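The sequence and the structure come first, followed by notes grouped by topic.

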Amino acid sequence: LIWGEILSKPERNKKGEIIGYHGITREMTEQKLLQEQIERLAFYDVLTKLPNRLLLMERLSQARLNSKRQHYFSAVMFLDLDNFKSLNDTYGHSVGDLLLCQVADRLKQCVREVDTVARFGGDEFVVVLNTLDKDKETSEQYARSVAEKISQSLCAFYTLSVKNENEQEHCVEHQCTASIGIVIFDAKEGSEDDLLKYADTAMYQAKEAGKNTICLWEY
């Protein structure tokens, strides 16, 4: 498959009727691939291939617009891994990166195609659940069920490949839990930055409650 750009103009007869076209075509496959690479670097996290902060803010803005038009509630979840630092300190950042990639895969399996899973930075992730229900309580119940599904998925053991001092590989198991803060919102509940701040605050409340916990932001 190659990409091409066609530049042409119509050929007309004396009556002004189009009888054909003539022009040139040039291949632009390399330019197209470069454009896609630039887009990936601009909008996606290099390590996990998840949307980055910039694309997250666009998706969150779109979710607010959808809520305004359709009068549905949506939700934002802020997740922080509870014992990620100990893994990095013990085995190094390369092994921590392997864990983050597996976390990203598990998160994507817990949500719908219309939802967004983004890496916010470090071991923090954000999930946007779009267009849940017109009833706030029903939306809260659904968001909690997804959060519990995520919590159970992330709790399962991770098998990670580690190299020793002699560059020999062996596998280690690591268990990693997450603290999750949830915000239910419609178009009236503040800006994108406000929603992330609320979800982040709820996440820290979950940390203070003993980690591996889910907390809902109360307005």
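Two residues are in contact when heavy atoms lie within 4.5 Å. On that basis, residues 24 or more positions apart account for 62% of the contacts in the protein with a separation of 6 or more. This is a predicted model, in which local features need pLDDT of at least 70, side-chain atom pairs count only at pLDDT 80 or more, and totals for chains, interfaces and linings use all residues. Residues are numbered from 1 along each chain as its sequence is written, and side-chain values use heavy atoms, with hydrogens and water left out.

**Overall form**

- The secondary structure comes to 6 helices and 9 strands; helices (H or I, at least four residues) and strands (E, at least two) are DSSP runs, numbered from the N terminus.
- The radius of gyration, taken over C-alpha atoms, is 23 Å, well over the 17 Å that the globule rule gives for 219 residues, so the protein is more spread out than a compact globule. The globule rule is 2.2 Å times the number of residues to the power 0.38.
- Along the principal axes, the C-alpha atoms fill a box of roughly 85 × 60 × 25 Å.
- Buried residues make up 41% of the 219 residues, where buried means under 20% relative accessible area, exposed over 50%, and partly exposed in between (1.4 Å probe, protein chains only).
- The protein exposes about 13000 Å², of which carbon and sulfur atoms supply 50%; accessible areas come from the Shrake-Rupley method with a 1.4 Å probe, and for residues only the protein chains shown count as cover.

**Helix α2**

- Helix α2 (residues 53–70) has 18 residues and reaches 25 Å from its first C-alpha to its last, close to the 26 Å expected; the expected span is 1.5 Å times one less than the number of residues.
- Its buried residues include L55, L56, L60 and A63, and the buried residues of α2 pack against α1 (29–43), β3 (73–81), β4 (116–121), β5 (124–133), β8 (178–185) and α6 (192–208).
- At the start of α2, a side-chain oxygen of N52 reaches to within 3.1 Å of the backbone nitrogen of L54.
- After α2 comes H71, whose phi is positive, near 60°.

**Helix α6**

- The end C-alpha atoms of α6 are 25 Å apart, which agrees with the 24 Å that its 17 residues should span.
- Among the buried residues of α6 are L195, L196, Y198 and K207; the buried residues of this helix pack against α2, β3, β4, β5, β8 and β9 (214–216).
- G210 follows α6 and has a positive phi, near 120°.

**Salt bridges**

- The whole structure holds 8 salt bridges, each a side-chain nitrogen of Lys or Arg within 4 Å of a carboxyl oxygen of Asp or Glu.
- K207 and D80 meet in one of them (2.5 Å, N to O). K207 lies in helix α6 and D80 in strand β3, so the pair ties together parts that are 127 residues apart in sequence.
- D80, D82 and K207 are linked in a network of salt bridges.
- K85 forms a salt bridge with D89 at 2.8 Å; both lie in helix α3 (residues 84–91), 4 residues apart, about one turn of the helix.
- D115 sits in the loop between α4 (93–109) and β4, is buried at 8% relative accessibility, and meets R112 in a salt bridge (2.7 Å, N to O).
- Leaving aside neighbours within four places in sequence, D115 is in contact with V128, L129 and N130.

Note on methods:
Polar contact = N/O pair within 3.5 Å; in protein donor to acceptor, adjacent residues only side chain to side chain.
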